Structures are given as structure tokens and as C-alpha cells.
Amino acid sequence: MSSSIRRTPLRSRTATLAAALAVPVLALGACSTAAGGDDGTLSVLASFYPLQMVAEQVGGDRVDVGSLTPPGAEPHDVELSPAQVASVAAAQLVVYQSGFQAAVDAAVSEAGPAHVVDAAEVADLETTAQEGHSHSDGDDEHAHEHADGDDAHDHGGLDPHFWLDPTRMPAVADAVADALSEIDPDGADTYRANAAALGTRFGELDDAYAAGLATCERRTVVTTHEAFGYLAQRYDLEQVGIAGVDPETEPSPARLREVGDLVRAEGVTTIFFETLASPKVAQTLASDLGVETAVLDPIEGLTDDAQDYFSIAQANLESLRVALSCS
């Protein structure tokens with residue numbers, strides 16, 4: 001397998017949010033965590049779950065972390081209420097990923113929070129393309145020809161799903177620790193120790209994936225949408241998405257035929273669907289082809305409070321090992 005990587009600028013959309021920003025912080029309700037806790041904890045606001053998890057782990061009991069994406073919601077196209085927009089202005093630290101959620105980009109731009117960590121600046125985002133199934137090679141005009149409509153523009157040509165490669169996460173943890181230390185110097189040692197401990201956990205997860213996926217009968221992973229490019233690149237797998245980077249993009253009949261031909265040719269036994277997006281297309285295609293379906297979670301949000309980033313990542317590894325017949 002070979003891959004080509006092309007870097008393109010991030011794109012953000014702007015919106016008029018003056019009216020939303022005028023909403024009193026007292027009206028925030030469930031978003032009141034943005035103003036900090038009565039016990040002196042710092043108010044931190046994250047844009048969606050993986051960044052929320054990092055902020056919680058690094059900040060520990062010295063921070064109060066809220067999220068702009070509700071539990072169980074698909075984060076790609078999240079819309080913000082006026083109260084949520086006001087919470088961006090009130091937060092002492094905002095952790096987000098520019099180019100991923102347009103409403104969040106606009107809110108950060110208009111609100112101008114005092115301290116911001118942009119994961120896109122430290123996670124080394126890339127456009128990943130894999131030989132034989134590339135949807136990003138060449139100019140953007142021809143990208144994602146398999147889908148009805150071009151979803152490449154939604155993320156500025158970049159794959160936003162960096163958190164599925166655990167080796168890209170420690171840099172975000174370190175950036176959060178640095179930002180919290182600037183706000184709260186008394187907690188600097190705690191933040192940096194927490195970031196280091198979290199980095200160790202990411203390293204252990206990387207080792208588990210490398211070992212677990214080292215020897216497999218198959219290396220092609222067919223997914224509902226192309227959320228797993230960084231994971232595939234890291235562990236020498238080949239991702240084939242039914243849809244593109246945006247899970248809401250409907251695949252064309254031609255793309256469904258193309259994926260079906262590939263499944264038959266390469267002996268794929270499983271088509272993966274997700275927890276936060278409709279499984280209907282994947283299930284119908286799998287039924288037509290006589291193959292199995294299974295969940296491969298892009299870890300964009302939680303649907304079960306008993307789960308977290310690491311438990312879901314471990315479940316993903318086991319699902320991959322079964323589908324790919326790894327020894």
C-alpha cells in the first residue's frame with residue numbers, strides 16, 4: 001500500500017453572531033460550566049468529544065469542562081444555540097478544531113475567547129489518499145467523484161479525523177496543558193504531569209494496535225464514511241469509504257457498484273457502520289453482497305456513559321481483528 005499526502009489550507013465560514021453574543025451568561029442553563037465552578041475550577045469548553053476527553057484528563061479536578069456537541073450528536077454539522085455561543089465568550093479556555101465545525105469556527109471568531117487551543121494547528125492534519133481507492137489525489141474539482149456532491153470542501157480538503165491515530169493525540173494534550181498552565185500557573189505541574197500520563201496511555205494504545213493488526217489475512221477496511229484514514233495510514237490498512245469524509249453525503253449508484261466489486265474481488269467479509277450515522281446504506285449493501293456488518297466507531301461522540309475514548313478504541317481494534325482475520 002502506498003499513500004500520498006497533500007496539505008491544503010483550512011477553511012472557515014463566518015456568521016453574524018452579535019445577537020447571540022448579547023445573550024446574558026445567566027441564561028446559559030446547561031452551558032453554565034463555561035463560567036467556571038464555584039469551587040474555583042477553570043472553565044473549559046471543548047467543541048466535541050475527543051477534545052473534551054483530552055481537556056478533562058489534562059485538567060483533572062482543577063477544571064470544569066463542557067462540550068458544544070451534545071452526547072450522541074453527530075459533530076460534523078453541529079449548530080449552536082445562542083446560549084452556546086455566549087458560552088464560548090465566557091469560557092476561560094476553548095479547545096476546538098478549526099475547519100471541522102463551521103458553527104464553532106464562527107463562534108470562536110466572533111467571541112474572541114481569551115485562550116484558545118486549536119487542535120488543527122498541532123495535530124498535523126493531512127489529506128490522505130491510498131493507492132487504488134484514492135478520493136483526494138489530483139485537484140479538488142475531481143475529488144470524491146464517487147459521491148453525489150463534493151464533500152471535500154467541507155473540511156478544506158483535509159481529513160479532520162486525526163484522533164483515530166493515537167500518536168497524534170499527545171501533541172493536543174501538551175497544548176492544552178500549556179494553555180491551562182498559562183491561565184493557572186499554580187497548576188502547571190499537575191497539568192503537565194496529567195498530559196504526560198495521557199500521552200503514555202496513547203502510546204500503549206498505539207502499541208496494542210500495531211501488535212494486533214500486524215498479521216492479518218486481509219487489510220482492506222470498508223466503512224460507511226472515510227473517517228479512518230489516519231488509522232489506516234498508521235497501521236498499514238486500506239480504507240474504502242462508501243461515502244466520503246462527510247457522513248451525510250449520499251453515495252452514488254456508481255460508487256455502490258464500485259465498492260461491491262471491490263468487496264467481491266478482495267474477499268472482504270465485513271462492512272462497517274457507525275454509531276452516530278445511519279447504518280442503512282452499509283446494511284443494505286452488505287445484505288446484497290452476502291457479507292457481515294459490524295460497528296467501527298469513529299469516536300466522534302459517546303452514546304454510552306460507561307464507555308470512553310480508550311474503551312471504544314479497544315472495541316474497534318477487536319472488531320478489526322475479527323473482520324480482517326488477524327492472528
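## The disulfide

A disulfide is counted here as a pair of cysteine sulfur atoms within 2.5 Å, and by this rule the predicted model holds one disulfide. This bond joins Cys-216 to Cys-326, with an S to S distance of 2.0 Å. The torsion about the S-S bond of Cys-216 and Cys-326 is about 95°, so the disulfide is right-handed.

Cys-216 belongs to the loop between α6 (188–212) and β7 (220–223), while Cys-326 belongs to the segment after α10 (309–324), so that distant parts of the chain, 110 residues apart, are linked (helices, H or I, of at least four residues and strands, E, of at least two are DSSP runs, numbered from the N terminus). Cys-216 and Cys-326 are both buried, meaning under 20% relative accessible area, where exposed is over 50% and partly exposed lies in between, with a 1.4 Å probe and protein chains only.

## Aromatic rings

Rings of Phe, Tyr and Trp (its six-membered ring) pair if their centres lie within 6.5 Å, and planes under 30 degrees apart count as stacked, over 60 as edge-to-face and the rest as tilted. The structure holds eight aromatic pairs. In one of them, the ring centres of Phe-48 and Trp-163 are 5.0 Å apart and the planes stand at 65°, so this pair is edge-to-face.

## Basis of the values

Residues are numbered from 1 along each chain as its sequence is written, and side-chain values use heavy atoms, leaving out hydrogens and water. Because the model is predicted, local features need pLDDT of at least 70 and side-chain atom pairs count only at pLDDT 80 or more, whereas totals for chains, interfaces and linings use all residues.
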